[in-house]
Structure formats: structure tokens, C-alpha cells
Amino acid sequence: MSETVKTQVCIIGSGPAGLLLSQLLAMAGIDSVVLDRRDRAYIEGRIRAGVLEQGTVQALEEAGVADRLHREGLPHDGFDLAFDGDRHRIDLKALTGKSVTVYGQTEVTKDLFDRRFADGQRFFFNVEDVTPADLTTDAPRVHFRHEDRAVTVECDYVAGCDGFHGVSRKAIPETVLRTFERVYPFGWLGIMVDRPPVSHELIYANHARGFALASMRSKTRSRYYIQCELDDHVDNWSDDRFWEELAVRLGPETAAKLETGPSFEKSIAPLRSFVAEPMRHGALFLAGDAAHIVPPTGAKGLNLAVADIRLLARALTAHYRGRDDRLLDGYSAAALRRVWKVERFSWQLSTLMHQFPENSPFETRMQRAEFDYLSGSEAASRSIAENYVGLPLE
Ligand code: APR
Ligand code: PHB
């Protein structure tokens, strides 16, 4: 059996990028179809970082999906950097006039799903063999299998929002696509626990035994991470071992306030910096993790995806409303300018805050010197702060 579906924009991937795009397009009167190889429950179950820039909050407000975020999100005016027992607070509010909002990406995704379902968005879940085709013709298509049927979506544009492992990026010919990558020689072991956070703000710590991060999802739910070996396994980490290691890395003063308990999620994630250029090929536009990955230090992944989607939604709206293609033509260059700046920040904060096995004593001293410089320099602290709260959208 086969089926043909017609739409204006075929969105591959129902993560935050694809969902937000479908929402913004719907608000502009543009029809879309969203495909995902997983189902809603699986997508909502993914646990990822949870720090939203002001621009991201604004985008979610404009999309009409920020009510719960305003009720439950925690505004944070600063965060701490810690280095072998010394602490330096980055006062976001004083340095930039802005703050960030702690609200899990899982919750952002749920809010978007609720809204898209309420509005009758067309979704295809559990799809297989997704294949974008005819991207450089005036009749682009996306083929896939769904419940034993062969489906073809006939569309004007394809939005590749299918994450790092998706198929969209791979549809760009090798002769056109350039990729840039750095894989870090360690991972993050993260746990979630229903205990109040150790501090009301986030703490990023560099300790001789490795990086640690104290984060949270709410006033009663904490998220903690420690740097671990890439080939390590969660089975090697009982909760007790995790708490002991975290306490050492956060230092005795913070550890004294640590409320431990049974974790209900434990996982290891690798750290990677990655950019694909260009972010457009014919009718295909890449957005979010499909085009770029940042290491989680600084929590920029979702924020960057939202910034791409704002540009893309604006460009598609200009095309359909005013027959003006300038923003579509400029999308890749405009998105990449921001992407590279955010890549730089995430790489820099990662480089400052982790123990690298290949570091010589000289590089270790350089990290310490950078921390000391930051601690004493308002200008250097402001540079970190303005990146953390989010660079302006062009
Ligand atoms: N066909 C259809 N869907 C696919 C395919 C495929 N071949 N491959 C992947 N997908 C789906 C995944 O199942 C997932 O739901 O694409 C979606 C991509 O979602 P995300 O990985 O969440 O990516 P994105 O929406 O760009 O979100 C960016 O999420 O990964 C974090 O750090 C990232 O916070 C950032 C945000
Ligand atoms: C998280 O809470 O999961 C988190 C917060 C900040 C980061 C990374 C992850 O930089």
C-alpha cells in the first residue's frame, strides 16, 4: 500500500527543533507534517540540559507555549565557577542585566507536544527508512515507511530537524558538505535525584579529579554530573560511589550541604563539538542538532536549536507571505555566524573546566591562571556572562 501526502514544509524530527518549527509555521498559516522514527512517549522521556536563555524564553512565549515555563521555571541571576576549592560567582544580572531560566528540556518538549496535538498537527511516528529526495528540483519529496505503508510527502521545503544521527544531513552530497569536529576524551556521568539542590544556583567545578556540575530541575529535584572515562559504564557507579566522588569534587564546604538519595536516572554522555556547513542544500534546511553539536558545558544545545528555528521560521514566513526569499537565501550564513560563536563559548568553557588526560603541567597552570584572571576581572566575567545569557539574535 502506498500513500501520498501534500504539505508546504515536511519536518523530519519531532524533537524541540521540529516541534517549535511546526508551531511557528502553524501560527503563520503555513502547513507542515512532522515525522519521527520514535514515538511521543520516547521523545518526552529524553533527559537533557535545562538552562534557557532569555531569547529562548521569548521564542517560547511568542510561540504561545510558555505558560507552564513561567509558573514552574526557576529564574537564575548567576552561577558559580569553582576551582580546587575556590569559588567565583558570575553575576549574570549585574554583568548583563539579564538572567536565565532553569526549566528542563523534557518539559519544553512536553509543552510543545501538548500544543501541537491540541492544534491538530499532522504527525507520523515510528517511521522507517526516511529518505529526502529531489531536493534540488522544484518538486522535493520525502519517502518513508509507516505502519507497512510506503508514504511520500510532496512539499515545497524539507526541514532537517532530526538530530545528530538523523538522515537529513546525510542527504547533502559529500562534495557540498563540510564538517568540523572535536571529540573530547571524556564523558559526563549524570544522575537525577528527588532531593533539593545543594545550592540555589548552578556550580561548575574543576577539581584535580575531574569536572563536576551541580544543577537542578526544580526546588526538589537535582541533576548532578561528574566527568568520567569515555569507556566507563553506569554499572561501575553505585549511588554511594557517585555521591562520594561528587562530594570530593565539589569540595568540603559544598559537600556539607549535599542531600543525597537514591538516583532515578543514571547515564553517561560523550562530549562533542560538531558543525556542518552549509545548513541548506536546495529545498533542505538543517536546524538544531542535525547541523551542530556543542558539549553540554554551558547548556547551549537547546538554545542554539531555538535560535536556528527562529531564523528559519522567519525566513519561511517571509517567503510565503511576501514572496521574499532573501532570508531563506541568507539562512545558512546567518545561522552559522551564531553557531560558531556558541561553539566557541561551549568549547572554551569545556576546556577551562575539565581535566584533560593529555594536558601537561603547563596547560593545567593555564587553566588556573584563566580562573584567577576571571575572578579578578569584571571584563572577563562579563564576557562569560554575555555568552551564558545568550548572544543577541541577528
Ligand atoms: N527519521 C525521522 N526522525 C528521526 C530520524 C530519522 N531518520 N533520526 C532521528 N530522528 C528524530 C529523533 O528520534 C528525535 O526525536 O529526530 C529528533 C531529533 O531531536 P533532538 O535530537 O532532540 O534534536 P533537536 O530537536 O535538534 O534538539 C536540539 O536537543 O539534543 C538536544 O542538545 C540538543 O538541546 C539540544 C536539542
Ligand atoms: C543540566 O541541568 O542538565 C545542565 C545544566 C547546565 C549545563 C549542562 C547541563 O551546562
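So, to start: in which sense do E14 and strand E17 (residues 222–228) pair, and over how many bridges? They pair in the antiparallel sense, over seven bridges. When I say helix or strand, I'm talking about DSSP runs numbered from the N terminus, with H or I runs of at least four residues for helices and E runs of at least two for strands. And two strands pair if DSSP finds at least two bridges between them.

Quick housekeeping. This is a predicted model, where local features need pLDDT of at least 70 and side-chain atom pairs count only at pLDDT 80 or more, while totals for chains, interfaces and linings use all residues. Residues are numbered from 1 along each chain as its sequence is written, chains are lettered from A and ligands numbered from 1 in the order they are written, and side-chain values use heavy atoms, leaving out hydrogens and water.

Now the overall picture. The protein chain has 12 helices and 21 strands. With 394 residues, a compact globule would have a radius of gyration near 21 Å, and the protein chain has 21 Å, so that agrees. The radius is taken over C-alpha atoms, and the globule rule is 2.2 Å times the number of residues to the power 0.38. Along the principal axes, the C-alpha atoms fill a box of roughly 65 × 40 × 40 Å. Of the 394 residues, 56% count as buried, meaning under 20% relative accessible area, with exposed being over 50% and partly exposed in between (1.4 Å probe, protein chains only). Contact means heavy atoms within 4.5 Å. Among contacts between residues at least 6 apart in sequence, 72% join residues at least 24 apart.

Back to the strands. Have a look at Ile-191: it stands opposite Lys-266 in E18 and opposite Tyr-224 in E17.

A hairpin of five residues joins E16 to E17, and Met-216 stands opposite Ser-222.

Next, an open sheet of three strands, in the order E4-E8-E5, with antiparallel pairing. E4 (51–52) and E5 (74–76) stand at the edges with a single partner strand each, so one side of each has no neighbour in the sheet. E4 pairs with E8 (residues 100–102) over two bridges, and Val-51 stands opposite Val-102.

Gly-288 lies in the loop between strand E20 (284–286) and strand E21 (292–293), and at 1% relative accessibility it counts as buried. Leaving aside residues up to four places away in sequence, Gly-288 touches Ala-305 and Asp-308. Asn-387 lies in helix H12 (residues 378–389) and is buried too, with a relative accessible area of 7%. With that same exclusion of residues up to four places away in sequence, Asn-387 touches Glu-53, Lys-300, Arg-344 and Phe-345.
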